[in-house]
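Thanks for coming, everyone. Please look at the screen while I load the model.

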Amino acid sequence: MKTRAYSFDDKTPWSGREGVRSRSRSSSTPRRAPNQVYGGMIAPDIEGGKGEECLGDSDWSWNNIKSRISHQYTKLRTRFIWSPRLEFPAWRWDRNFDWLSRTHFQKRGVILRNKHRRKILEKLEIDTDKTEIKFKPNKFKSAKYTILSFPVLNLLEQFRRGANFYFLVSMVLTLLIDSPISPYTWMMSLVFVIIVTMIKQAYEDYLRHKEDARINKRPVHIIKKGKKAVVHSEQIMVGDILVLHEHETVPCDVVLLSSSHKNGQCFIETSNLDGETSLKTRFSPGITRGAKSVREISTLHGCIECENPNPKLDTFLGNLTLWNCEENSEPTVHVLSNDNVLLAGSVLKNTEEVFTCCIYSGIQTKISLNSKITSNKFSTTEKSLNRYLVFLVSVLVSEMVISTILSFSYNYELTRSPQLYFSSVAKILRFFGADKDTYLNMTNIQRPEYRESLTKLLGFQAIKNYPDTYYIQHPTVWYLEQVEDINFVLILEVLLLWMVLYNYIIPLSVYVSLEFIKVLSSLQYTWDTELYDVETNEPAQCHTSDINDELGLITHLLTDKTGTITKNEMVLKMILRGEETFLLDSDFPQGWDRFMMVLCLCHSVQVSDGNFIASSPDEKALLEKCQENRFVYTGEQLEGQVAVNVRGQLYSFAKLAELPFDSVRKCMTVIVRDADGIIHVLTKGAECKMFKACTSGNIDKASEEIDCFANMGLRTLAVGYKTINEDQLNSFLESLAGASTSIVNRAKYVREVYEELEQGLELLGATGIEDKLQDDVPETIYALKKAGVRIWMLTGDKKETAINAGHSAGILQLDSKLIDLCDITDYRDIAPLMAQIAGEEVEEEKETSMIVDDKSITNIFKAPESIKQFQAVSLKCSTVIACRLSPIQKSQIVRLVKEADSNYVTAAIGDGGNDISMLQEAHVGFGIIGKEGRAAAQASDFAFSKFKYLRRSILVHGQWFYVRSAFLVQYSFYKNIACFTGQVFYMLYSNYSAMTLFESTFLFCFNTLYTSVPVLIYSVTEQNYSSATLLRNPSLYSDIRYNKLMSKNAIFRWMCYAVWHSLVVFFLWYFLYQEFTVYCEKDVFYLQSVVAQTSVIIVNLKVLLEANYWTAPLIISVLLSILSYFAFTLFYYTVGPMNNFLVDNSDIYMSYMTALSEPEVWLCTLLAVVLGKYREGVLSISF
């Protein structure tokens, strides 16, 4: 028997499809070559070119030139800069969350154990050009660097940061020009910043390497050469036969071949994937089920043909073909589905041993593909810091230009006459636009006469003699010389000299300080005993130090339901049987009847050692409550035989078929035959479907009671029943067999057969199940709402369950207006409906909420106008619930909220592997550390064991982190402007020359020794409010949202403080103390030391006065920082060597000691501090 290669997308054969969704392409669009990688990494082959686009003479337009430059830059950048996207060359999500399959392979063929490969490929006629048969090992990688690549790649990454690159350029310029400041000072500062950052990033990458090693080095049993062998997880190859034992974690996506259970089934726990601790059942194919030993498994030869890697966790389509490799025999084919697949991360339970075959490995596993790779997260504070740097650079450029103009206007050495200066300026201005015919017509530059004129104009001749410049004797000032001529190079040199002097108003150390306090804040978070869970012995975890301050700016919280706000522990609370309602805390139905038959038999639960093993917690809750009241389901006694013990009397049934639950039918059915030969059809499911399927029973009564159960926050199920005869059963089984063997549209055909049977039911009653909330969930939700945080719940559960949970948790109010956008199947209906809702006025006194499902979300994202309308509507709602979502749809919702307003800061919280993409997409990701599942916790930014800890994390730590970070950034700019703006004033009294006010060593020590420690201690210990106050008054959180502490008004206030203090310090010393008592040649160094001393005292006292929470370390650090200036300067000016590697000290010897010996210096210092702080108080009141 020969096999045909079909598509596994339920639509078309393999030809023309890729098995997973890809973008459509018009016939006129050039196709990409098979061996090429997308994502901006390798240039595509374009028709008419090879590797790169070939531009003809007519293509040299400005847009084409820019395109080529951009393309070459992207290639170069990708080669040298690590990017997570390189991990997914052929399968990945694009920015709009469309799944892209950029591979020419249409499917994959997995050869079992990779034995007899050639014979199997030939026998099955597998086209290796269209079927992928070579795969990568099962290796996971999250680390960025290796030991060899770290120095180069990390330096490139650091200098991608604009500030570091700017400082590097400045350092190079100090080396090239005749700088008044020692270039080694600037070099030491930059090297210090780079080394500290490298140490931090090296440690973080070391932790990533450790985690990768833990995953990749796990021992796994495989069958190799007919025997069991132990290998590392990273050595597993696609096609290997794995032997898994109970409690082992599945290392990759595998197909179950056989199990130690007689019927070939096994049980897995998927808490790492979806947060659910209930067990799920998987089945082995009939053709391999009997191979239960290593010897028997080793005799299997064949191939698994399946779809390309894709992120669909709940679907899998493929064929398992076995062949004994004998020429006269024909292959045997078995259809595979999701029931045959064990996903990576799941744990084997209640099964001694299974044999499996690896089909997807490493980064191609389904859970890895759902873990959407995102770019590094940057905090709002860091973004504001970058904007501040741009502002300061503009101020710096303005100061440079003004100082240069003043230098050439009034400096005795640089100006010969106003006519010469303005003539030089006119030449330059004429070059940039005054005389277009001569200077701006670039085509004329090709003519020799214009080139000579241009070089002469720009002073290129002077470059040959640089830095030598010709001087002549000044006509009036006998001790000065004067430049002979002014040209472009000289003007540029003076401009750069001013840049070197004024550069220090930009705080080089701010990034290092910010990184340092973020690391310490992360440790504080993990050390918080209020976030420690005694029951599980789990402290809080912080996996990143980059976004701590984002905790104080959250505007939207997007939360999962199951396992996050609920315990995933179900308890049956209410029953409606016929006309009678039972509150199960005090009463329970008596007697065995059809209703109890459905409760005890309509499920997929297995019994092991007296314990219920259920894939659905609802089913387990039903059986446990029945067992408490002596209706005991005993499980399968013999194959296909089940029994119920009702108060000592045993009822046996033959289980004929099980119709599992699916999201379309929203019900499940079990067919049994009793001892009398009567065939019973037992059905339970969502009332919205069951009411339509029922033709008898009191539907009105059931509807009324189910609404009552829902208002109590219970999960509801309706119960139906009917009997069929033998002919009807045989007809159903025959139809089901035909539908199950179909490859094309198999799921659709099977569902239609199920729905045909599930008609004409009698409604027997309903149940109400409580999904227990985690501790203090309603209180936490209430506090966050009061703090101004909007709550969105994103869940994979059905609509009714989501609404019930929303009411129980306090997310939804009973009297709130609910906008229902569920079950919209045509995207053309979205736009008019959204426009209508957006135009309605919201009642301010009533809370407005919205509920939307996966179908509507899919259609909303099909049209850009629908997305904008949905954003407009959702912004009006205080609460949004989205149900039936896939993991990547959760990411779509998060992205939608992020892009609605740039001021929004989103937080996502979840507990399962299906929440990872949502956590990575949000600005802040919170993970719940489950009893078993830790996938979400490991992928999150912050993790803890219970939802209630979210309240303290946001309201307390968020407030503190943000206040401290905002102060650090603003103070860093303040202290540099307050100190070094004096250099601008000094220019006015130093012949407008580029002469430094401060000695080179002071420039290095100011940010590293004299002022760094107090602000760091403040940034670790400051508490603007106590934790108790913040928890009692959640509304205080709204005072800092939307980055209010880093607003334009806030930074302007700090700039005013800085300018005022610089004015006081410089001019007080200049005007009130001009009678220096040292030698005249020492006057400048005398002034340098006292101005620097006063600046250090004022900026350190600023930290103490701004602090709301004084601690001993803060006070001591301020005093020691001030004393460090006195001690080091005395040593440097007096005791230090006369000549050191930084500067010649001979001119400054003893000048500072002389200054300190005069009482007037101390009095003037005290006066400057008092005057500066007094006027600062006036400025604070005005703001």
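First, some ground rules. This is a predicted model, with local features needing pLDDT of at least 70, side-chain atom pairs counting only at pLDDT 80 or more, and totals for chains, interfaces and linings using all residues. Residues are numbered from 1 along each chain as its sequence is written, and side-chain values use heavy atoms, with hydrogens and water left out.

Now the overview. The protein chain has 39 helices and 39 strands. Helices here are DSSP runs of H or I with at least four residues, strands are runs of E with at least two, and both are numbered from the N terminus. Of the 1183 residues in the protein chain, 54% are buried. Buried means under 20% relative accessible area, exposed means over 50%, and partly exposed is in between, using a 1.4 Å probe and protein chains only. The accessible surface comes to about 52600 Å², and 56% of that belongs to carbon and sulfur atoms. Those areas come from the Shrake-Rupley method with a 1.4 Å probe; for residues, only the protein chains shown count as cover.

What about contacts? A contact means heavy atoms within 4.5 Å. Among contacts in the protein chain with a separation of 6 or more, 74% are between residues 24 or more positions apart.

Next, the sheet. Which order do the strands of the open sheet of 9 strands have? The order is 19-39-38-37-20-33-36-35-34, with mixed pairing. Two strands pair if DSSP finds at least two bridges between them. The edges are strand 19 and strand 34 (817-821), each pairing on one side only. Look at strand 37 (residues 906-910) and strand 38 (residues 924-928): they pair in the parallel sense over 4 bridges. There, A908 stands opposite G925 in strand 38.

On to the cores. A nonpolar core is a set of buried Ala, Val, Leu, Ile, Met, Phe, Trp, Tyr and Cys residues joined through side-chain atoms within 4.5 Å. The largest one has 151 residues. I554, F926, L950, Y974, F980, F998 and F1002 touch the most other members. Helix 30 (residues 949-980) gives the largest share of this core, 17 residues. Apart from it lies another core, of 45 residues, among them V238, C252, C266 and F355.

Leaving out residues up to four places away in sequence, L950 touches L557, T780, L784, I909, F926 and F944.

Now I236. It sits in the loop between strand 6 (227-232) and strand 7 (241-245). Is I236 buried or exposed? I236 counts as buried, because its relative accessibility is 0%. Its contacts include C252 and C358, again leaving out residues up to four places away in sequence. I236 and C252 are 16 residues apart in sequence, and their C-alpha atoms are 8.6 Å apart.

Helix 23 (residues 799-809) is next. Of its 11 residues, 8 are buried, so the helix is largely enclosed by the rest of the structure. The buried ones include E800, I803 and N804. Just after helix 23, G810 takes a positive phi of about 85°.

Last, the salt bridges. How many does the structure hold? There are 30 salt bridges. The term means a side-chain nitrogen of Lys or Arg within 4 Å of a carboxyl oxygen of Asp or Glu.

K200 and E515 form one of them, at 3.1 Å, N to O. K200 is in helix 5 (residues 183-216) and E515 in helix 15 (residues 510-527), 315 residues apart. Both K200 and E515 are buried.

D549 and K518 form another, at 3.9 Å, N to O. D549 lies in the loop between strand 19 (541-542) and strand 20 (556-559), while K518 is in helix 15, 31 residues apart. D549 counts as buried because its relative accessibility is 0%. K518, at 3%, is buried too.

E847 and K785 also pair, with the closest N and O atoms 3.5 Å apart. E847 is partly exposed, at 21% relative accessible area. K785 is partly exposed at 22%. Finally, salt bridges that share partners join D533, E535, K567, D775 and K946 into one network.
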